[in-house]
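Visitor: Hi! Could you walk me through this one, starting with what the labels stand for?

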Amino acid sequence: MVDQSAVGRAFTPVTARVEPGRLRFFLDTLGESNPLYRDVEAARVSGYSAQPVPPTYLFCLEMMDAAEPFEFLTTLEIDLARVLHGEQRFDYYAPVVVGDTLTFKPRVTGVTDKKGGAMTLVVVETEVTNQNGVHVADTSRTVVIRNARPS
């Protein structure tokens, strides 16, 4: 069972490049047709240097480029079969565009037991910086762990 000792635990940083082909695949999967995300000229007219990424893309990019996508689960000895995705949040401070190289630095920022210990909420926040060291975003995900019932 995850406890308060996990708070502050950092995990392996992930470096990922925002590539146009992978972004296009993501947009096609979502059915996203906004030209801002697909056309460099539409992006430039809107003030971007290249096509920006849609808000949720950072989560996918971090997972796709991680050597061990579920490192926090393994490290904290959490059984994937007992995990539900509870919440996701994205806070952007600067644009993220095609061509950027991003570094993701995840860490546990909260552990809360609920329902008398029947479940535990674990919050993992990730700082995202670009190739220039600019802090472009923070992401936060909450996973819900269904704890084993005592026999």
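Guide: Happy to: helices (H or I, at least four residues) and strands (E, at least two) are DSSP runs, numbered from the N terminus. Residues are numbered from 1 along each chain as its sequence is written. This is a predicted model, where local features need pLDDT of at least 70, side-chain atom pairs count only at pLDDT 80 or more, and totals for chains, interfaces and linings use all residues, while side-chain values use heavy atoms, with hydrogens and water left out.

Visitor: Good. How many helices and strands are there in the protein chain?

Guide: Five helices and five strands. Reading from the N terminus, the order is β-α-α-α-α-α-β-β-β-β.

Visitor: And what box do the C-alpha atoms fill?

Guide: Roughly 60 × 30 × 25 Å, taken along the principal axes. Of the 151 residues, 38% count as buried (under 20% relative accessible area with a 1.4 Å probe on protein chains only; exposed is over 50%, partly exposed in between).

Visitor: Let's zoom in on helix α1. Which of its residues are buried?

Guide: In α1, residues 20–30, they are Leu23, Phe26 and Leu27. Seen down the axis, these buried residues fall within an arc of 95°, so they line one face of the helix; the arc is that of the directions from the helix axis to the C-beta atoms.

Visitor: What sits on the face turned away from that buried side?

Guide: The exposed residues Phe25 and Thr29. As for the buried residues of α1, what covers them includes α2 (35–38) and α4. After α1 comes Gly31, which has a positive phi, near 80°.

Visitor: Which residues are closest to its centre?

Guide: Of the 17 residues lining the largest pocket, those are Thr12, Val14, Ala66, Glu68 and Glu71. Helix α4 gives the most to this lining, with three residues.

Visitor: How about the second largest pocket, how much space is in there?

Guide: About 170 Å³. Its lining includes Phe59, Phe70, Phe72, His85 and Arg141. Strand β2 supplies the largest share, three residues, and α4, α5, β2 (83–92) and β5 (135–146) each supply at least two.

Visitor: Last stop, Thr120. Is it buried or exposed?

Guide: Thr120, in strand β4 (residues 119–129), is buried, with a relative accessible area of 1%.

Visitor: What does its side chain make a polar contact with?

Guide: The side chain of Asn147, at 2.9 Å. A polar contact is a pair of N or O atoms within 3.5 Å; within protein, one must be able to donate a hydrogen and the other to accept it, and residues adjacent in sequence count only if both atoms are side-chain atoms.

Visitor: And Thr139, where does that one lie?

Guide: In strand β5, and Thr139 is buried too, with a relative accessible area of 4%. Leaving aside neighbours within four places in sequence, its contacts (heavy atoms within 4.5 Å) include Leu58, Glu62, Arg89 and Phe90.

How values were computed:
1 Å grid on protein atoms, 1.4 Å probe; cavity = no way out; pocket = protein on both sides within 12 Å on 5 of 7 lines; lining within 4 Å. Points joined across faces, edges and corners; volume = space filled by probe spheres on them.
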